[in-house]
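Subject: Structure handover

Hello,

Here is the structure I promised. Please open it first, then read my notes below.

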Amino acid sequence: MTDYERQMRRALSLASRGPATGVNPQVGCVLVDETGKIVAEGWHRGAGTAHAEVDALSKVTDARGLTAIVTLEPCNHTGRTGPCSVALIEAGVSRVVYSVSDPNPQAGGGAERLRAAGIAVEGGVLADDTEQLLHPWLTAVRHGRPFVTVKWASSLDGRAAAADGTSQWITGTAARQHVHERRALADAIVVGTGTVLDDDPSLTARGDAGELMEHQPIPVVIGERAVPEGASLRSHPAGLIETASRDLGAVLKDLYERDIRRVFVEGGPTLASAFLAADLADEVLVYLAPTLIGGPRLAVTDLGITTIADQRRLTITGLDRLGDDIVITARSV
Ligand code: AOF
Ligand code: ZN
């Protein structure tokens, strides 16, 4: 491992201290002297707070001649805070080493601006690691819509409910707790009105003892029927977004404009299938219970695929046992 890689590893670990949700990415930065010693560390704590580079720079009195190792290309814009490229130039650093280019069209161009100011700039260090850490954020910004996880729970034979519609409970408590942890990694939870009317879900992210987690994604209900006055969702701590649009691409674009970068689609089969059919699912999260139900209530319905050549191949990125159940994460290739 080179020195830059070792220092980038540290910057990545600092980055992961920041919030995984919200409009801004997790970013870390270390400043090193000419002997390779880390003299300052910084990380980003969420939108509106200092960027990682500025946080690190604030820890030294004189940054002249130092090298900045940063997990994302320094930004070049004035957003909620000023441009990091300019902060690094003014501080007098002599070299900037970053991992992944910033795909945000408003913020990009930092590397060029630094080079134009005579600073040595190198990108791509530990790029695979950063791509993995920031996968949902990078995917969202590259597509200009939130990263979409579609979740369902089913029997081993792929059913989400029995013929009469009863579905509680197919999976066990460990799987259900896992769902809460995954909800808390999203900015929004999306459901159809059918699920709201049938189940009256609260859609909060709760811990083992039923307590509310610190971060609560906002519920988004898609459908023409209104959410009833007394519905549990009406007292959700993060508020409620309702939309009657059937155009899922337009719904996602609207959510992106509201600074939502990660959505968790939770129900039910009709909505999950609509996201899958529209090719708007970046990831599926499938809970499989060792039970057989049979019958017509499939977890995923028609995807518009009529011949095997059109099947949608995925790559499995995660596989775990949760009590008696299995959880599989898979992504589009
Ligand atoms: C960096 N370092 O630590 C972060 C960056 O609204 P702002 O000012 O917070 O800018 C947000 C954008 O800046 C964000 O979308 C991303 O492109 C970049 N984030 N850049 O150099 C950081 N958090
Ligand atoms: Zn910045």
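What spacing do the donors of the zinc ion (ligand 2) follow along the chain? The spacing is H-x23-C-x8-C. Please keep in mind that this is a predicted model.

**Zinc site**

The protein donors are H51 through ND1, C75 through SG and C84 through SG. They lie 2.0 to 2.3 Å from the zinc ion (ligand 2). H51 sits in the loop between β2 (38-43) and α2 (52-57), and C84 belongs to helix α3 (residues 84-91), so this pair ties together parts that are 33 residues apart in sequence.

Why is the arrangement around the zinc ion (ligand 2) tetrahedral? Because the four donor atoms subtend angles of 100 to 117 degrees. The ideal for four tetrahedral donors is 109.5 degrees.

**Ligand 1**

H51 turns up again here. Of the 19 residues around ligand 1, H51, A52, E53, D102 and N104 come nearest. The shell divides into eight nonpolar, seven polar and four charged residues.

For A52, a backbone N or O atom lies 2.7 Å from an oxygen atom of ligand 1. For T81, a polar backbone atom is 3.0 Å from an oxygen atom of ligand 1. H77 uses its side chain: a polar atom there lies 3.2 Å from an oxygen atom of ligand 1.

**Two hairpins**

Start with β1 (residues 28-32) and β2. These strands run antiparallel and are joined by five bridges. C29 has G42 in β2 as its bridge partner. The hairpin has five residues between the strands, and G36 takes a positive phi near 90 degrees.

Then go to β12 (residues 314-322) and β13 (residues 325-332). They also run antiparallel, with eight bridges joining them. T315 has R331 in β13 as its bridge partner. Two residues lie between these strands, and G323 in the turn has a positive phi of about 60 degrees.

**Where to look**

Best wishes

Notes. Residues are numbered from 1 along each chain as its sequence is written. Chains are lettered from A and ligands numbered from 1 in the order in which they are written. This is a predicted model: local features need pLDDT of at least 70, side-chain atom pairs count only at pLDDT 80 or more; totals for chains, interfaces and linings use all residues. Side-chain values use heavy atoms; hydrogens and water are left out. Two strands pair if DSSP finds at least two bridges between them. Helices (H or I, at least four residues) and strands (E, at least two) are DSSP runs, numbered from the N terminus. A residue is near a molecule or strand if one of its heavy atoms lies within 4 Å of it. A polar contact is a pair of N or O atoms within 3.5 Å; within protein, one must be able to donate a hydrogen and the other to accept it, and residues adjacent in sequence count only if both atoms are side-chain atoms. Ala, Val, Leu, Ile, Met, Phe, Trp, Tyr, Cys and Pro count as nonpolar, Asp, Glu, Lys and Arg as charged, and the others, Gly among them, as polar. Donors are N, O and S atoms within 2.8 Å of the metal (3.2 Å for Na, K and Ca); water is not among the atoms, so sites may look incomplete. Four donors count as tetrahedral if all angles lie between 85 and 135 degrees; four count as square planar and six as octahedral if opposite donors are over 155 degrees apart and all others between 65 and 115; anything else is irregular.
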